[in-house]
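Have a go at each task before you read its solution.

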Amino acid sequence: MRYFLIILFSLFSISLSYASDDIMDVDYNFIDTAFDGIKPVSDAQFNNTINRLTPQPVENTFGSKLRTFLFGRKYGTENTANKINQPNTDEEKDKIDIGGEKQAIENLKNGVYYIKLVVSIVDSDKNIIPMGNYKDKQVMIDDNPMLVFYQGYKEYGKLK
């Protein structure tokens with residue numbers, strides 16, 4: 001029995017030594033290039049795809065339920081109840097601020113910044129500003145430019 005276990009263990013270790021070359025032969029460069037070649041999708045392309053893949057609602061009659069059961073649902077119809085009013089003119093499109101981009105640009109012009117602290121900071125009043133995401137406003141206090149750190153409406157500290 002002892003010889004059998006020794007032979008089995010040696011065969012297992014030999015097979016692992018040959019298999020380890022195949023297991024370790026992995027190209028990890030895909031991590032750096034995983035999203036290369038992906039093109040952004042426009043809103044019209046996204047909406048067309050969603051409309052194409054959205055099933056048509058089934059009427060509450062025996063015939064339509066039987067047709068749906070036998071042949072499946074119909075796809076590609078636009079549901080008018082959920083239709084979003086799309087702007088027609090360029091002026092209407094300019095008024096829409098998708099994602100708050102225009103508001104973010106105005107905030108940057110007015111001295112409002114959004115930052116993430118990865119370490120805690122101690123300000124001049126010996127208050128600890130903990131790690132986290134903050135909205136910073138640039139203000140003048142006693143003729144000194146200061147950054148005031150906010151989370152919501154709560155002020156966490158000031159830095160010169």
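**Exercise 1: a charged pair**

Lys-158 and Glu-155 form a salt bridge, with 3.7 Å between their closest N and O atoms. The model is a predicted one: local features need pLDDT of at least 70, side-chain atom pairs count only at pLDDT 80 or more, and totals for chains, interfaces and linings use all residues. Residues are numbered from 1 along each chain as its sequence is written, and side-chain values use heavy atoms, leaving out hydrogens and water.

Task: find how exposed Lys-158 is.

Solution. Start with the rule: a salt bridge needs a side-chain nitrogen of Lys or Arg within 4 Å of a carboxyl oxygen of Asp or Glu. The count by this rule is one salt bridge. Lys-158 has 27%, so Lys-158 is partly exposed. Glu-155, at 39%, is partly exposed.

**Exercise 2: a charge without a partner**

Task: which side chain of opposite charge is nearest to Asp-136?

Solution. Asp-136 is buried and has no salt bridge; Lys-135 is the nearest side chain of opposite charge, 10 Å away (Lys and Arg count as positive, Asp and Glu as negative; His and chain ends are not counted).

**Exercise 3: a residue on a helix**

Task: is Phe-69 buried or exposed?

Solution. Find helix α3, residues 62-71, which holds Phe-69 (helices are DSSP runs of H or I, at least four residues). Phe-69 has a relative accessible area of 70%, so Phe-69 is exposed.

Conventions
Helices (H or I, at least four residues) and strands (E, at least two) are DSSP runs, numbered from the N terminus. Buried means under 20% relative accessible area, exposed over 50%, partly exposed in between (1.4 Å probe, protein chains only).
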